[in-house]
Amino acid sequence: MIPSSMIRDATEERTLSTMMAWRVREFGPPEIMKFERVPRPEPGAGEVLVKVKAAGVGPWDGWIRAGKSALPQPLPLTLGSDLSGEIVAMGHDVAELAVGDQVYGVTNPQFVGAYAEYAVASAGMVSTKPTSLTHVEAASVPVVAVTAWQALFDHAQLKAGQTVVIQGAAGNVGSYAVQLARQAGVQTIASVSTEDISAVRDLGANTVIDCRTQRFEKEVQDADAVIDLVGGETQERSFQVLRRGGKLISAVSRPGQDLAKRYGVEAAFFLVNVRSEFLTKVARFIDGGKLRTNVGTVLPLADAREAHLMLERVRPQPKGKIVLDVGAS
């Protein structure tokens with residue numbers, strides 16, 4: 001007969017070497033997501049193992065789950081990219097981080113692995129967590145804030161005194177774009193729905209256009225850049241508000257080059273490239289009181305499928321970022 005102490009020790013060892021994670025074994029609707037016990041990953045060269053305290057939920061997670069990602073996604077996979085937590089182990093060739101560091105950022109270039117109790121992250125895609133934020137707040141930041149930063153300054157290359165039109169300025173990316181533009185001295189024209197006008201003005205937009213009652217192309221001309229966070233017809237109409245030589249930068253869909261040529265402007269689509277250097281800059285702004293986060297709904301990790309039902313609008317979708325509180329599970 002096996003002693004009960006040996007059974008208990010074996011069970012504890014197995015529990016310590018495994019974790020709970022949301023897995024996708026086939027692409028499809030939220031119902032295909034499975035909350036499973038899986039082996040705890042080990043960090044390789046240039047990687048860290050993070051004990052996840054919170055994980056952000058974004059539209060891209062839904063695209064990956066549905067098999068609509070712009071990046072190849074081999075199955076099976078663990079969902080999730082945004083995270084905040086504590087480094088508990090490190091691989092080789094990691095110089096600027098240490099075990100015990102409180103970090104936030106993204107898992108890897110494939111944007112997978114964060115809906116779990118532990119996640120391996122590329123060391124170059126995390127940075128020290130803003131000290132003024134909780135882990136839940138910090139997990140709401142990385143992808144959307146860096147997207148806003150790169151759209152404004154890397155791709156549109158805006159400078160103080162120039163003018164930008166932000167389409168979808170009340171969204172998770174747009175709200176950061178408004179705040180970052182204000183901090184940089186860029187004049188901001190924000191296009192939003194009626195119910196979001198007050199909130200976007202409060203973020204610092206110089207001019208706010210009600211997209212339900214106003215035609216922005218009749219209100220704006222000679223803008224230096226448009227940050228498109230909406231796509232479709234809104235994107236097509238946005239060409240009309242740019243000066244010749246201006247830039248239309250989209251984070252949602254590829255702009256038509258025929259329209260760009262007709263209006264004499266540049267037009268580009270980009271995928272965000274989350275790196276430590278950008279996360280460090282964003283953290284500095286947050287801790288300096290210059291950027292506000294916007295957490296919408298907080299759910300325990302075990303309810304990640306509910307979060308995806310919100311993404312699919314099967315459940316009411318809240319304003320602000322959806323975050324999974326891993327500690328609450």
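A cavity, as the word is used here, is a set of grid points where a 1.4 Å probe fits but cannot get out, and a residue counts as lining if it has an atom within 4 Å of such a point. Keep that in mind as we walk through this chain, which is a predicted model.

Let's start with the overall layout. The chain is assigned two domains: domain 1 takes in 4-142 + 274-325, and domain 2 covers 156-269. Their C-alpha centres sit 30 Å apart. Where the two domains meet, ten residues of domain 1 are in contact with nine residues of domain 2.

Rolling a probe the size of a water molecule over the atoms shows where empty space is left. Here the count comes to one cavity of 30 Å³ or more, and the largest cavity has a volume of about 40 Å³. Which residues line the largest cavity? They are Ser140, Val144, Asn172, Ser175, Tyr176, Asn294 and Lys321. Both domains have a hand in this, since domain 1 and domain 2 each give at least three residues to the lining. Looking at elements instead, helix H5 (residues 172-183) provides the largest share of the lining, three residues. Sorted by class, the lining of the largest cavity comes out as four polar, two nonpolar and one charged.

H5 lies across S9 and strand S10 (187-192), and its direction makes an angle of about 165 degrees with S9. Those two strands belong to an open sheet of six, with parallel pairing, in the order S11-S10-S9-S12-S13-S14. At the edges are strand S11 (207-210) and strand S14 (266-269), each of which pairs on one side only. From one strand to the next, the twist averages 15 degrees.

Strand S13 (residues 242-250) runs parallel to S14, and four bridges join the two. Within this pairing, Lys247 stands opposite Glu266 in S14. S13 has a helix across it too: helix H4 (residues 142-155) lies across strand S9 (163-167), strand S12 (223-228) and S13, running at about 150 degrees to S13. That puts both H4 and H5 across S9.

There is another sheet to look at. It is an open one of three strands, paired antiparallel in the order S2-S1-S4. S2 and strand S4 (77-78) are its edge strands, each pairing on one side only. S1 and S4 run antiparallel and are joined by two bridges, with Arg23 standing opposite Thr78 in S4.

Where does the lining of the second largest pocket come from, element by element? Strand S1 (18-24), strand S2 (34-39) and strand S7 (118-122) each give two or more residues, and the largest share, four residues, comes from S7. By class, the pocket lining has nine nonpolar, four polar and two charged residues.

Key:
Residues are numbered from 1 along each chain as its sequence is written. This is a predicted model: local features need pLDDT of at least 70, side-chain atom pairs count only at pLDDT 80 or more; totals for chains, interfaces and linings use all residues. Side-chain values use heavy atoms; hydrogens and water are left out. On a 1 Å grid over the protein atoms alone, a cavity is a set of points where a 1.4 Å probe fits but cannot get out, and a pocket is an open set with protein on both sides within 12 Å along at least five of seven lines; lining residues have an atom within 4 Å of a point. Grid points are joined across faces, edges and corners, and a volume is the space filled by probe spheres set on the points. Ala, Val, Leu, Ile, Met, Phe, Trp, Tyr, Cys and Pro count as nonpolar, Asp, Glu, Lys and Arg as charged, and the others, Gly among them, as polar. Domain bounds come from an automatic or database domain assignment. Two strands pair if DSSP finds at least two bridges between them. Axes are lines fitted to C-alpha atoms, for helices over the stretch in contact, and angles run from 0 to 180 degrees between N-to-C directions. Contact means heavy atoms within 4.5 Å.
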